[in-house]
Structure formats: structure tokens, C-alpha cells
Amino acid sequence: MNTEQNVDLTPFNTLALPVQAARYQKITAPEQLTEPELSNDKRFILGGGSNLVLTGNFAGLVLHMAIPGKRLVKEDNTAWYIEAGAGEDWHDFVQWTLQQGWPGLENLSLIPGMVGAAPIQNIGAYGLEVCERLHSLNAWDFEKREFIALDADQCRFAYRDSLFKQQGWHLSGRMAITSVIFRLPKAWVANCRYADVANELAAQQIATPSPQDVANAIVAVRQRKLPDPASIPNAGSFFHNPLLDSDRAATLVAKHPGLPSYPQPDGRVKLAAGWLIEQAGWKGKKLGPVGMYEKQALVLVNHGGATGADVRRTMAAVQAAVKARFDVNLTPEPIFL
Ligand code: EPU
């Protein structure tokens, strides 16, 4: 294998943090993962680098997943089953499914990153999580040295969480997802429950939206609120929306009537971290080169030249401000390496 040495990862992480990998290998086919030499080193499996904070040089091997491919696997009366390689760009894949006439992923339009990373943190937006459309996935298990398949139940999905994170595999590099199979139900209904999406469609005077109309509306909403990593480096939402038990949430909402809160099926209540951060004075505020975005306070941005240490400093300051004002702990969403 032509493993490269001392590779700059700046172009491969959307926060544009400048660190080096001691060894770097691009993976373009699943069979490459079976090479014994890839199992020797400390590993990190890199996708689009859009949910990642690189805090220092990485002494091991970075496997950059670039496995291509997208195809209809099968079709039955109820659904289309579509497989995509881990290295397919997520948004391009979603657009492609819509063009083929297979709706169901449109609410996840414009999420940065690659297909193979989508299950790891169970990406979600505008009332849909990827676990609701995921049929199964294929992966290489570096420890057992075999290809495995996991169905959606085995992945133990939860809000921004999965078996991969629960087991620490996203950090240990034990598993490399090679492809994901989606089940897209033929019984399609537009999911426009989120006010932002409904308002955008109303503004465009679309009463009965097609899947592509929903995708376009979501692209418009995201482009208005969220910075494009190509121009303002960022990693999307930087904190989870905190989940509180209902009593604590009720007390907080009574004290702060504007606080957006969303009751969950398990009885807990999700609070809008962006609102908490804005009220704590951090919307558009900077500490050194790292700040919280002026149009969406939940998004941490690198204004230029930041390192992982700068990110940690701003993160800690925001957590402290929210804790002091609301007594709520914010936990970071991205992976720290
Ligand atoms: N809000 C504020 N101030 C802000 C930001 C938000 O008051 O600066 C309020 C909004 O007005 C709204 C509420 O907070 O009432 C929620 O905001 P928004 O709809 O923008 O969504 P979010 O909760 O901040 C989550 C996801 C996003 C996803 C959106 C849309 C998490 C951690 N984030 O953000 O996902 O796109 O909902 O569904 O769950 C990501 O994970 O990287 C991501 C962008």
C-alpha cells in the first residue's frame, strides 16, 4: 500500500484545524481494509471531517474513507432499498435519490459529510433522523478481521448517538463502515412539521410540495442560518440540545418563558442549546479566533488561524456562561481527536 507520511489534515476537517497525521491512507475499495498492515497501528477512520475537532498531531494511521458507489439494491411493494458507498458525499447522494424518484431523505439535504459517517452520530435535521431511513450497514471489523453487517436495531440509535459511539469505536478505529443501505418507503408524505420549513414553503407559495420542493426549502433555510464550511470553517451544531427530565425543564421554562422546549417520547424534554447560548451572550461573540456564529449561536466557527486549543477555550467559556446563567451542562457534539 502507498501509505503517505506526515500528511496535513487541514483540508480534511471542516473546522480547518492544522494538524498532521503520521500516516495516511485513502481507502477506495472495501478489500483494501483487509491489508494486515492497516491493523498494526493506532487508527482513526476519517470521513468528511465535518464533525471533528483535531486537537493535536495524530501519531497513528488515518484511513480516509473514499469508497464510491450508489445503486438500487432491490425494490418491493413498500420501499426502495438503496446502497451507497461510505465515501459518497451525503448531500450529492440525497439529491441523486430525489432525481431517481426515490424520496425520503430530503429533510437531510445539505448536511455536510459523507454517507459512511451519517450513522455514527445518527445525523438529523428538520424532523428526521437518518436511523428512520437506515435499513442496514456494512463494515470491516479490524479486531475480528471480517466484514460484518448490522441492521438498524443492532446500531442502537438515539439522538446523535449509535452503537459506534457507545462502544467508542469512533475513537478506537475498530470499525470502518464501508456502505449503508437505506430503505425509502414508497408511501411518501411531506414532512414539513418544522416551522422554518413550513414558512419557507409558504413564502414560495407552495401548498402541496414535492420531495424536491421540500429539499429546496431545507437548502434555503440552512443556507440562511448555517455557515458554509468552505468560507467560514465550522463543524455544524457544536453542542447537543440538552435533554432534561420534565420537572427540571418545566422549572426552567417557567423562569425563562422564551426558552424553546420539545417533549420527547421518553418523557424527557429537549431544550434549544442555541437559545441558551444566545441568552448567555455568546451569539456572534469571539474569544481569540474562535466564536459562536452570528446567525446561529449553536455553531462554533473558526474565524481564521485557530488551533484545537483555541476551540477548547471557547467551548469551555460558552459552557461556563450557560452553566452560570441556567445551570445547564452543554456537551459537545463533535468527536475530539
Ligand atoms: N435559537 C435561538 N438562537 C440561536 C439559535 C437557535 O434562539 O442562535 C432557537 C431558535 O429560534 C429555535 C431553536 O433555538 O427556536 C432551535 O433552533 P434551530 O431550529 O436552528 O435548531 P437547533 O436545535 O439549533 C438542531 C440540530 C441541527 C439541525 C436543526 C434543524 C442539534 C444539535 N442540532 O439545531 O443539526 O439542522 O436542529 O433540525 O440537534 C448539526 O447537528 O450539526 C445540525 C446543524
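**Close-up 1. Helices α4 and α5 cross in a right-handed sense.** The model shown here and in the following views is predicted. Helix α4 spans residues 195-203 and helix α5 residues 211-225; the two pack at an angle of about 110 degrees, with 9 Å between their axes. Angles from 65 to 115 degrees count as roughly perpendicular, and α4 and α5 are therefore described as roughly perpendicular to each other.

**Close-up 2. Residues at the contact of α4 with α5.** From α4, the contact includes D196, V197, E200 and L201. On the α5 side they meet D213, A217, I218, A220, V221, R224 and K225. Six of the residues in this contact are nonpolar and five are charged, while none is polar.

**Close-up 3. An open sheet of four strands with mixed pairing.** The strand order is β1-β2-β5-β3. Strands β1 (4-8) and β3 (43-46) form the edges, each pairing on one side only. On average, neighbouring strands of this sheet are turned by 45 degrees against each other, direction ignored.

**Close-up 4. Strand β5 and its pairing with β2 and β3.** Strand β5 covers residues 58-65, and seven of its eight residues are buried, so the strand is mostly covered. Strand β2 (residues 20-27) runs parallel to β5 and is joined to it by six bridges. Within this pairing, Y24 has V62 of β5 as its bridge partner. The pairing of β3 with β5 is also in the parallel sense and comprises four bridges. Here R43 has L61 of β5 as its bridge partner, and F44 stands opposite V62 in β5.

**Close-up 5. An open sheet of three strands with antiparallel pairing.** The strands are arranged in the order β14-β16-β15. At the edges lie β14 (243-244) and β15 (261-263), each of which pairs on one side only. Strand β16 comprises residues 269-271 and pairs with β15 in the antiparallel sense over three bridges. One of the residue pairs to locate in this view is P263 with V269, its bridge partner in β16.

How values were computed
Residues are numbered from 1 along each chain as its sequence is written. This is a predicted model: local features need pLDDT of at least 70, side-chain atom pairs count only at pLDDT 80 or more; totals for chains, interfaces and linings use all residues. Side-chain values use heavy atoms; hydrogens and water are left out. Two strands pair if DSSP finds at least two bridges between them. Axes are lines fitted to C-alpha atoms, for helices over the stretch in contact, and angles run from 0 to 180 degrees between N-to-C directions. Angles under 35 degrees count as roughly parallel, over 145 as roughly antiparallel, 65 to 115 as roughly perpendicular and the rest as oblique. A crossing is left-handed if the near helix is turned anticlockwise from the far one by less than a right angle, and right-handed if clockwise. Contact means heavy atoms within 4.5 Å. Ala, Val, Leu, Ile, Met, Phe, Trp, Tyr, Cys and Pro count as nonpolar, Asp, Glu, Lys and Arg as charged, and the others, Gly among them, as polar. Buried means under 20% relative accessible area, exposed over 50%, partly exposed in between (1.4 Å probe, protein chains only).
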